[in-house]
Amino acid sequence: MEMLLCSWCHANNQQGLSQCAVCGAPLNSDDRVSDSGFREAPKLRDMEEFIFSSSTLQIEGKYVPMVEINLHPDDSVYFEQHTIMAKDAQVRLTKKPLNGKRRAHGMPYSVLSASGPGFISFSRDAPGELVVMPIHEHTELDVREHAFLLASHTVDYQFVRIKGLANMVHGGNGMYLDQFTANGATGIVLIHGSGDVVQKTLAPGETIYVEAGKLLYKDSSVSLNTVQLPGINSGFMGNHVYVAELTGGPQGGRVGLQSAYHHSVSE
Amino acid sequence: MEPTPDANTSLDNREFTCPYCRLSGTVTKDVSCPNCGARADIRLLESDNKWEELPGAKDRAVIQFSQSKVEVQGSFVPMAEFTMAASEAVWFAQHKLCYADKAVSFESIQSMNGLTSMNLTGAYNQIVRATGPGHFALSDNVMGELIMLPLQTDQSIKVRNFCFVAASNNVTHGTIFHHRYMQRPKPGVPSQHNITYYENNPESKSPYRQAAEPNPQRVYFHIYQGETFMPMGGHEDVFTAKNGPGWVLIHSPGNTRFRDLAANESVHIHGSSLLYRDPSVQAHVVVEIPALSNDDLRDRSQIQVAAHGPGRIAVSTVFSPEAPLVRDVDRSVGYNEKTTQFLDWRLR
């Protein structure tokens, strides 16, 4: 049976659908790409509904969207502790073990897990868009710190500290990258991008420069380095402009950007 | 809000005159203006008091200039993606850069860095010229709309400070300072001489009852020794197209509304909401004392900017924090608890 490949999340869809069943991206002529290869994030309608595992997920709101999940008893999601909005009393919260210590806004960083059954809702406190990213087997997604809203229990999570003096001093891409991998079944990660979100699939070896504060996520196959923007160098001490240099790996890779700079302070 | 009778319902490939940028052209496939990207398929909305909605560049609108073009992406914090033809150039503030491919060549415009950069961007950022071929994108950092302002040869436009995103290579920049440091108040000199009082009460016999007088010099005033309030910001940017038509791309925080002022027509606006104006529009500060106020309530005075036609004027719906309360400036005591809040878009 011939399937339609979603150009946003790479999920297979049945013929005849106008919208990806996994992430909501258009599968018809509305799926347009700009001249430089960027496509806008799926415009998720208010009250749009998705299904993951046996649970349902609904997007509510337009400017600072929130997510409401009806958790099945066999399902759970995890999230940064400060993004929870409301939950049913019977939804059980547990602390998720992490692979290291980390602090954010002067507070210990912790990730909680919520188990069904029951309703639970989340949001971040910045105007922007929600992006539903399925995590397929053998894929790994690197997300800017404090940008993921939640992930399903079939997705593994760890964070890594961004290496390199230039990254730390000039990067603006934060101290950490959150890494998500599938541990068997396909799962989903919801990412909140400030402002509008666009995505480009880099060809193998293709390089683009990105203002580091606007980097939202990338496939792990895409390399990230902080470099000086060529051609700009003026004044004593050099008023250089530092940008993130993103290069597609042997298989290429996706890069997601947010149009508004929103940086959460990590320690 | 009522739609105008001659509402523009044109579709693509039709000739029309854009009600926003005032230029003629053929409506694009995306049903937008080819010169400024504004929607061309909506009915022109005009409020009862003549303010019109300036919709900003539509998502996916494409604007052609020379052999290059700019495409708008997004609707919350829209990006402007430039597709540059070989050897064509635009200039912009470095901190508005989103992404670029390696083919674009960048260079600092040395003559525009320093003070010009401070005026344009609020910091010693780089003013950068990008030359094609290649792609790059720019955006601001707050919710709002991208507004494309086409300029005819030698036409100028005055724009609120720190809204600048990019301009065509033949557009020059100038600055109008609203506050000159040499005119700081001197001890013992009455400081109210820069204010036009305006009491909105026809029956009042107060000496403050007088009409607002147009005076373009009165765009700031001294509240207290060492403190100056500039409702329209510290300066305005003036962009002028030289040696041919050009354009300026600005980011308007929030939504935008504009209107045409007839000759000698005046309107009072919140000073920091002023987004752009034709050079023919004069503006000065007025302090309106609300009706029913008495001397004890004079600190409820409203600081406004009076704009006088003829010409276009546009305001944005997101502006600085509320203007500071103004007490009777004849009194030289009692100001310690109310510090003037200067307009400072750099904090945004």
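Why does B:Asp154 count as exposed? B:Asp154 has 11 C-beta neighbours inside 10 Å and therefore counts as exposed, given that a residue is called exposed if 12 or fewer other C-beta atoms lie within 10 Å of its own, buried if 20 or more do, and partly exposed in between, with C-beta atoms placed from the backbone. The model is predicted, so local features need pLDDT of at least 70 and side-chain atom pairs count only at pLDDT 80 or more, while totals for chains, interfaces and linings use all residues. Residues are numbered from 1 along each chain as its sequence is written, and chains are lettered from A and ligands numbered from 1 in the order in which they are written.

**Chain B and its domains**

- Chain B has one helix and 28 strands, where helices (H or I, at least four residues) and strands (E, at least two) are DSSP runs numbered from the N terminus.
- Of the 348 residues in chain B, 45% are buried.
- Among the contacts in chain B with a separation of 6 or more, 72% are between residues 24 or more positions apart, a contact being a pair of residues whose C-beta atoms, placed from the backbone, lie within 7 Å.
- The domain assignment divides chain B into domain 1 (2-176) and domain 2 (178-347), with bounds that come from an automatic or database domain assignment.
- Between these domains, 47 residues of domain 1 of chain B are in contact with 37 residues of domain 2 of chain B.
- On the side of domain 1 of chain B that touches domain 2 of chain B, β5 (52-54), α1 (115-121), β14 (144-151), β15 (156-160), β16 (164-168) and β17 (171-177) of chain B each supply at least two residues, and β14(B) gives the most, with eight residues.
- By class, that side of domain 1 of chain B has 24 nonpolar, 15 polar and eight charged residues, where Ala, Val, Leu, Ile, Met, Phe, Trp, Tyr, Cys and Pro count as nonpolar, Asp, Glu, Lys and Arg as charged, and the others, Gly among them, as polar.

**Where chain B meets chain A**

- In the contact between the chains, 29 residues of chain B are in contact with 27 residues of chain A.
- The side of chain B that touches chain A draws at least two residues from each of β7 (68-73), β8 (79-84), β10 (97-101), β11 (105-108) and β13 (134-139) of chain B, and β10(B) gives the most, with five residues.
- By class, the side of chain B that touches chain A has eleven nonpolar, 13 polar and five charged residues.
- Strand β21 (residues 207-210) of chain A and β10(B) run antiparallel and are joined by three bridges, and two strands are taken to pair if DSSP finds at least two bridges between them.
- The bridge partner of A:Tyr209 in β10(B) is B:Ala100.

**Nonpolar core**

- The largest nonpolar core has 137 residues, and those with the most contacts inside it are A:Val189, A:Ile191, B:Ala80 and B:Val248; such a core is a set of buried Ala, Val, Leu, Ile, Met, Phe, Trp, Tyr and Cys residues joined through C-beta atoms within 7 Å.
- Domain 1 (2-176) and domain 2 (178-347) of chain B both give residues to this core, so it lies between them.
- Leaving aside residues up to four places away in sequence, A:Val189 touches A:Met133, A:Ile135, A:Leu141, A:Phe148, A:Ala151, A:Val155 and A:Phe180.

**An open sheet in chain A**

- Five strands of chain A form an open sheet in the order β4-β5-β6-β13-β8, with antiparallel pairing, and its edge strands, β4 (49-52) and β8 (84-87) of chain A, each pair on one side only.
- Strands β5 (residues 55-60) and β6 (residues 66-71) of chain A run antiparallel and are joined by five bridges, and the bridge partner of A:Glu60 in β6(A) is A:Met66.

**Backbone details in loops**

- A cis peptide bond, with omega about 5 degrees, joins A:Gly116 and A:Pro117, and A:Pro117 lies in the loop between β12 (111-115) and β13 (118-123) of chain A.
- The peptide bond from B:Gly309 to B:Pro310 is also cis, with omega near 10 degrees, and B:Pro310 lies in the loop between β27 (302-308) and β28 (311-316) of chain B.
- B:Asp154, in the loop between β14 and β15 of chain B, has a positive phi near 65 degrees in a residue other than glycine.
- B:Asn264, in the loop between β23 (256-261) and β24 (266-269) of chain B, has a positive phi of about 70 degrees although it is not a glycine, and with 9 C-beta neighbours inside 10 Å B:Asn264 counts as exposed.

How values were computed:
Two residues are in contact if their C-beta atoms, placed from the backbone, lie within 7 Å.
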